[in-house]
Every structure is written in C-alpha cells, then in structure tokens.
Amino acid sequence: MASSQTQKGIVTYSLSANRQRPFAGATSAAIFNTYRRSRAQFLYVVPPLVVGYLLIDWANEKNHYYNSKEGRMHDTEAAEEATGGGTVRA
C-alpha cells in the first residue's frame, strides 16, 4: 500500500466567532452594565455632592448677607455690644 501524498497549493482559512463579530452585543451590554454600576455607586457619590452643594449655597447666602446693608448694621451692633459701646481694635 502506498501512502497518499499531501496536497500542495490548497490553503484553508477560518475565523473564530470572536473575530467575526468582536462587538456583538456590546452596546446593549454597556447600557445595562453602566446602569448597574452607577446604581451600586449612587450612595457613595450623591450624598457628598449634596452636602457640598448645600454648604456652598449656605456660604454664598451668608456672604451676600454680610456684604449687604443689613449685614453690616448687624455687624456694627454686635461689635458695640461686645465692647460695651467702646471702639473695636483691629
């Protein structure tokens, strides 16, 4: 019996499924994964942002009050009460 010779000149190529569609389902998976991850981090991110916003809002209101006519009058009255009618040293 003679053994058969290997064929020459015939090349066969194939692609795996990952190479054919590398981003198959990526957009729908990204939407759901982003929602899931954001929901998991909600309590770590939102409360400090809310506290920071309220603190800055309070500071701005206080600053506007101190730089208004009423705020300056209040500051002058408080200084007079503290010194007993005398002068305030800088």
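How many residues does helix H3 have, and how far does helix H3 reach from its first C-alpha to its last? Helix H3 covers residues 69–83, which makes 15 residues. From first C-alpha to last, helix H3 reaches 21 Å, close to the 21 Å expected at 1.5 Å a residue. Directly after H3 comes glycine 84, with a positive phi near 75 degrees.

The model described here is predicted. Its confidence score, pLDDT, averages 84 over the chain. At least 70 is reached by 89% of the residues. Among the elements of the chain, helix H1 (residues 17–20) has the lowest mean pLDDT, 72. The highest mean, 94, belongs to H2.

**Overall layout**

The chain contains three helices and zero strands. Read from the N terminus, the order of elements is α-α-α. The chain has 90 residues, and 2% of them count as buried. Its accessible surface comes to about 9,200 Å². Carbon and sulfur atoms account for 58% of that surface.

**The aromatic pair**

How many aromatic pairs does a search of the whole structure find? The search finds one. The partners are tyrosine 65 and tyrosine 66, and their pair is tilted. The ring centres lie 5.9 Å apart, with 50 degrees between the planes.

**A nonpolar patch**

Which residues form a nonpolar patch on the surface? They are Tyr44, Val45 and Leu49. Together these residues have about 350 Å² of accessible area. One of them, leucine 49, lies in helix H2, which spans residues 26–66. Is leucine 49 buried or exposed? Leucine 49 counts as exposed because its relative accessibility is 57%, and exposed means over 50%.

| Residue | Relative accessibility | Class |
|---|---|---|
| Leucine 49 | 57% | exposed |

How values were computed:
Residues are numbered from 1 along each chain as its sequence is written. This is a predicted model: local features need pLDDT of at least 70, side-chain atom pairs count only at pLDDT 80 or more; totals for chains, interfaces and linings use all residues. Side-chain values use heavy atoms; hydrogens and water are left out. Helices (H or I, at least four residues) and strands (E, at least two) are DSSP runs, numbered from the N terminus. Buried means under 20% relative accessible area, exposed over 50%, partly exposed in between (1.4 Å probe, protein chains only). Accessible areas come from the Shrake-Rupley method with a 1.4 Å probe; for residues, only the protein chains shown count as cover. The expected span of a helix is 1.5 Å times one less than its number of residues. Rings of Phe, Tyr and Trp (its six-membered ring) pair if their centres lie within 6.5 Å; planes under 30 degrees apart count as stacked, over 60 as edge-to-face and the rest as tilted. Patches are made of residues with over 30% relative accessible area and no salt bridge: like charges are joined within 9 Å, nonpolar side chains (Val, Leu, Ile, Met, Phe, Trp, Tyr) within 5 Å. A salt bridge is a side-chain nitrogen of Lys or Arg within 4 Å of a carboxyl oxygen of Asp or Glu. pLDDT is the predictor's confidence in each residue, from 0 to 100.
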